[in-house]
Structure formats: structure tokens, C-alpha cells
Amino acid sequence: MRDMPISEPISREAILGWLDNWAACIRSGQFADASLMFDKGVLGFGTVAIEAKGLDCLVEQQWMKVWPKTEGFRFDNASVETWGADGLAVAAVHWSSKGIDARSGALFSRQGRATLVL
């Protein structure tokens with residue numbers, strides 16, 4: 001949400017829209033579009049990249065290794081909890097997807113959670 005002025009409160013609807021846009025990028029493997037949604041100094045913690053400092057690291061060490069092996073990624077909008085003030089927001093949300101087994105190509109259920117500072 002880099003383009004939102006700091007003085008504006010971030011609405012729940014804006015956060016849900018951001019999550020929907022990011023989920024669409026994950027489903028379609030649009031690394032470039034998703035990268036535009038993040039600050040270059042992002043710090044990410046993932047299932048593959050235990051700690052990714054910086055956007056390039058997050059993309060290379062987490063996104064590129066996971067997204068191509070994922071189908072049907074969705075955030076559970078009913079689970080979203082949001083907090084924030086003064087143009088800063090925190091969102092905590094559950095997600096689900098299907099992973100693709102590297103050896104057999106079989107799909108398996110994956111669930112997780114994300115906490116984001118926007």
C-alpha cells in the first residue's frame with residue numbers, strides 16, 4: 001500500500017482489496033506485479049526462506065520457489081483481523097492452497113497464516 005498517504009487511515013476494505021490483489025498475483029505467478037505491492041526493504045518470513053531481507057531476496061528465495069508449486073491460493077477474508085492508525089495497518093489472516101508434490105505432481109492441501117504490516 002505504498003501509494004496511500006500516511007495521514008489517511010487504511011480501511012478494512014482497502015486491506016481486503018490488497019489481499020485479493022496479492023492472492024491473484026500468487027495464483028497467476030505474476031512476480032513483477034506482486035513486487036510492486038511491496039517495499040524494497042521488506043522483511044519476510046516464509047516456509048522456504050526462513051528470513052528474507054529485502055524484496056529481491058523474498059522474491060528469489062520464497063516466492064519463486066513456492067508459487068510455481070501452488071494452485072488455488074486464497075486468503076480467508078472471514079478470518080482477517082486488522083488494526084491500524086495514521087496510515088499504518090496490520091492484518092492477520094489465514095490462507096489456503098494446494099501444493100504440488102515435486103515428484104508425483106499430486107496435489108495436497110496447505111494452510112497457513114500471514115501477518116502483514118501495510
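1. A quick definition before anything else: contact here means heavy atoms within 4.5 Å. With that in hand, the buried residues of α3 pack against α1, α2, β1 (43-44), β2 (52-53), β3 and β6. Helices (H or I, at least four residues) and strands (E, at least two) are DSSP runs, numbered from the N terminus.

2. Some housekeeping. This is a predicted model, where local features need pLDDT of at least 70 and side-chain atom pairs count only at pLDDT 80 or more, while totals for chains, interfaces and linings use all residues. Residues are numbered from 1 along each chain as its sequence is written, and side-chain values use heavy atoms, with hydrogens and water left out.

3. Back to α3. Its buried residues are Leu55, Leu58, Val59, Gln62, Trp63 and Val66, where buried means under 20% relative accessible area, exposed over 50% and partly exposed in between (1.4 Å probe, protein chains only). Looking down the helix axis, these buried residues fall within an arc of 125 degrees, so they line one face of α3; the arc is taken from the directions from the helix axis to the C-beta atoms. The background: an α-helix has 3.6 residues a turn, so residues three or four places apart point the same way.

4. Now the core, defined as a set of buried Ala, Val, Leu, Ile, Met, Phe, Trp, Tyr and Cys residues joined through side-chain atoms within 4.5 Å. The largest nonpolar core has 31 residues, and Trp18, Leu19, Trp22, Phe38, Trp63 and Phe75 touch the most other members. At least two core residues come from each of α1 (12-28), α3 (55-66), β3 (70-75), β5 and β6 (107-117), with α1 giving the most, at 8 residues.

5. Trp63 is worth a look. Not counting residues up to four places away in sequence, Trp63 touches Trp22, Phe31, Ala34, Ser35, Phe38, Leu55, Leu58 and Pro68. Leaving aside neighbours within four places in sequence, Ser35 is in contact with Leu55, Val59 and Trp63.

6. On rings: Phe, Tyr and Trp (its six-membered ring) pair if their centres lie within 6.5 Å, with planes under 30 degrees apart counted as stacked, over 60 as edge-to-face and the rest as tilted. The whole structure has 10 aromatic pairs. Phe38 and Trp63 make an edge-to-face one, 5.2 Å centre to centre with 70 degrees between the planes. That pair links distant parts of the chain, 25 residues apart: Phe38 is in the loop between α2 and β1, Trp63 in helix α3. Phe73 and Phe75 are also edge-to-face, at 5.0 Å and 90 degrees, and both are buried. Ring pairs join Trp18, Trp22, Phe31, Phe38, Trp63, Trp67, Phe73, Phe75 and Trp95 into a cluster.

7. Charges are quick to cover. There is 1 salt bridge in the structure, counting a side-chain nitrogen of Lys or Arg within 4 Å of a carboxyl oxygen of Asp or Glu. Lys53 forms a salt bridge with Glu51, with the closest N and O atoms 3.6 Å apart. Lys53 is exposed at 60% relative accessibility, and Glu51 is partly exposed at 42%.
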